[in-house]
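Please look through the sequence and the model below with charged side chains in mind. The paragraphs that follow lead from one pair to the next.

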Amino acid sequence: MPQAPKAAPLKIAVAGLGTVGAGVLKLLAAQGALIEQRCGRRIEVVAVSARSRGKDRGVDLSAVRWYDDPVALAADPDADLVVELIGGSEGPARDTVATALETGKHVVTANKALLAVHGTEIALKAEGKGLTVAFEAAVAGGIPIIKGLREGLAGNRVTEIHGILNGTCNYILTEMRTTGRDFADVLADAQALGYAEADPSFDIDGVDAAHKLAVLASVAFGTPVDFGSVHIEGIRHVSAVDFDYADQLGFRIKLLGIARRTDAGIEQRVHPCMVPKSAPIASVDGVFNAVVAQADFADRVLFVGRGAGAGPTASAVVADLIDVARGRSTPTFGVPAGALGAATPSPMESRRGSYYVRLMVVDRPGVIADIAAAMRDQNVSMEQFLQRGRSPGEAVPVVLTTHDTDEAAMQKALATIAAQDTVVEPPRMIRIEQF
Ligand SMILES: NC(=O)c1ccc[n+]([C@@H]2O[C@H](COP(=O)([O-])OP(=O)(O)OC[C@H]3O[C@@H](n4cnc5c(N)ncnc54)[C@H](OP(=O)(O)O)[C@@H]3O)[C@@H](O)[C@H]2O)c1
């Protein structure tokens, strides 16, 4: 019997040869035979682009075309698909993706910043041309959370997702808890070890997690990507003493991204949280990421894995390449981009839940009564109160937790407390999430 002709290879052009780009080329080279079986055809790298041609990237580039300009690479008529691994919401990454789509090529990207800011517009453009934009690597690195939500839970309505979406922050918080060291000290170590960037602000100020949360929320709820509505707080103000108190109170401190569909609209927030030690997410430590989805039929689903690094991120990029090579295609965010249902953002002030508050107050009579009065005036009911030791006339830490209350009331109470002359530092507040 005559053999069926071999399918033509999927020809790809890779823009960006850093941690992820070089990782993708290494994975493709190492697993060529396996990938060919799974795709029914080969994936062939035909062109690459980066800034520095001379840099050794540990991969053989002798047989591929080199472009100094990634936008010119994106227009290469020989490529079927462009892999964008440059990063950033604007500039060359955005132009590369735009050119790829304009010239009729599928796109695979790991760029959460780009998708958080321009995701809906990119999806509309791609789907209008019958092209795929795939981005498994953009959220939680090696964890297949996009496919997990979009395909695996496709029969469900997802009402909530929450997760540890930034490995750098989780590493820093884990080190602070286990060693008792301060934030600045642990951050310096993380930079030396390569777990934190030289400019770590995107990570530690919560922006990176917020980019990922905005993308996840779109996939989970079928709504347009709305990064502008994410409430963002980072971990700079979490102090070593907060870990001691959290431990006494039965909590762990995590930077979480939380998105919920509520009657008031879509809630999206990134901030440090206290979570019960018994919550599955509480024991996800170090550089690991985790995402929990609450779905109406499947119930609670937990995904855990490595959120960054060459291997895990390349794994996610290559899974997307295999989908395209196989002809498997899904609307970018799970429903056609034109049908993403606009949703009202639910403001942070409407969050309802309990709170941990740490104050530095002058140890003298009446101080606690004044704090209690500020809480009472806003109908905030206190649950626990901890004061360690006494030091008359000196500043001492006082910690309290509240019963469920509204964020707006809590903020007003904290403003009144901060203005008291016996309160010597700005109050530190961490929201408690009872998952
Ligand atoms: N690193 C991770 O673990 C990870 C995980 C998930 C997602 N991501 C995402 O993956 C993407 C890439 O991250 P990465 O860590 O691989 O970054 P990276 O190591 O900094 O690599 C960026 C690459 O882009 C190239 N590049 C930068 N500006 C360029 C320009 N104007 N023209 C052409 N090439 C340019 C750089 O060239 P040179 O090498 O010549 O400087 C480099 O090869 C980002 O969107 C990031 O958010 C990364």
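**Charged pairs in the model**

At a relative accessibility of 41%, Asp247 counts as partly exposed, a term for values between buried (under 20% relative accessible area) and exposed (over 50%), found with a 1.4 Å probe on protein chains only. The model is predicted, so local features need a pLDDT of at least 70 and side-chain atom pairs count only at pLDDT 80 or more, while totals for chains, interfaces and linings use all residues. Residues are numbered from 1 along each chain as its sequence is written, and side-chain values use heavy atoms, with hydrogens and water left out.

Side chains of opposite charge can pair when their charged atoms come close. Asp247 meets the side chain of Lys277 in a salt bridge, at 2.7 Å from N to O; the term stands for a side-chain nitrogen of Lys or Arg within 4 Å of a carboxyl oxygen of Asp or Glu. Because Lys277 lies in the loop between β10 (265-276) and β11 (288-295) and Asp247 in helix α11 (residues 240-249), the pair ties together parts that are 30 residues apart in sequence. Lys277, too, is partly exposed, with a relative accessible area of 34%.

In another salt bridge, the closest N and O atoms of Glu175 and Arg181 are 3.4 Å apart, and Arg181 is partly exposed at 22% relative accessible area.

Glu267 and Arg269 are both buried, and they form a salt bridge whose closest N and O atoms are 2.8 Å apart. These two residues belong to a network of salt bridges that also links Glu160, Arg260, Arg351 and Glu433. A search of the whole structure finds 31 salt bridges.

How values were computed: Helices (H or I, at least four residues) and strands (E, at least two) are DSSP runs, numbered from the N terminus.
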